[in-house]
Amino acid sequence: MKEVTIYTDGACRGNPGRGGWGAILVWGKYEKEMSGGEELTTNNRMELSAAIAGLRALKEPCTVTLVSDSKYMVDAFNLHWVDEWQEKDFRRGTKNEIKNPDLWEELISLTKIHTVTFKWVKGHNGHDYNERCDALATAFADSFLLKGEPTV
């Protein structure tokens, strides 16, 4: 299987607010940058969306190192929280629903196609790919600005 590294980041102007995500796929000497977003969203949705978009872009099953500054997402997989959430229909206890179950389910299903290792990197700390992903994410979030609307 091909070995690919996917770097991801999400951004939100307000939470909820205008959001964007950025992903960079690296395979050998090749790199592919991607971005997207939503006009009204949350930062966690954008973090998850970046990972989903990166994994969706792969054309065949791959061995993936997914690098993110979202400790929540990385820990959810590395500490097997997602397994418990799935078993409990994305609930903690009887009433407390896990947010974004649609994205969690899709991300979980993509990790069954690929062999994915999640790795955390501290955000805004000079990591070149993390900084580039942040720039992609924030640029997309800012693209929703109406002419003359001040930035948040």
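Analyst: Quick definition before we start: accessible areas come from the Shrake-Rupley method with a 1.4 Å probe. This is a predicted model. The accessible surface of its chain comes to about 8,400 Å², and carbon and sulfur atoms hold 50% of that.

User: What is the chain built from?

Analyst: You'll find 5 helices and 7 strands. Read along the sequence, they come in the pattern β-β-β-α-β-α-α-β-β-α-β-α.

User: What makes the chain as compact as a globular protein of that length?

Analyst: The globule rule gives 15 Å for 152 residues, and the chain's radius of gyration is 15 Å, so the chain is as compact as a globular protein of that length. Its C-alpha atoms fill a box of roughly 45 × 45 × 30 Å along the principal axes.

User: Why does Thr138 count as buried?

Analyst: Buried means under 20% relative accessible area. Thr138 has 17% relative accessibility, so it counts as buried. Thr138 sits in helix H5 (residues 128-142) and, leaving aside neighbours within four places in sequence, is in contact with Ala11 and Arg13.

User: What share of the chain is made up of buried residues?

Analyst: 46% of the 152 residues. As for contacts between residues at least 6 apart in sequence, 65% join residues at least 24 apart.

User: How do you know that strand S2 and strand S3 pair?

Analyst: Two strands pair if there are at least two bridges between them. Strand S2 (residues 17-27) and strand S3 (residues 30-41) have 10 bridges, in the antiparallel sense. One of the bridge partners in S3 is Met34, which goes with Ala23. Between the strands of this hairpin there are 2 residues, and Gly28 takes a positive phi near 60°.

User: How many positive and negative side chains does the chain have?

Analyst: There are 19 positive and 23 negative ones. The centres of the two sets lie 1 Å apart.

Note on methods. Residues numbered from 1 in each chain as written. Predicted model: local features only at pLDDT ≥ 70, side-chain atom pairs only at ≥ 80, totals over all residues. Heavy atoms only, no water. Helix = DSSP H or I, 4+ residues; strand = E, 2+ residues; numbered from the N terminus. Rg over C-alpha atoms; globule rule 2.2 N^0.38 Å. Buried < 20%, exposed > 50% of the residue type's maximum accessible area, 1.4 Å probe, protein only. Contact = heavy atoms within 4.5 Å. Lys, Arg positive; Asp, Glu negative; His and termini not counted. Charge placed at Lys NZ, Arg CZ, Asp CG, Glu CD.
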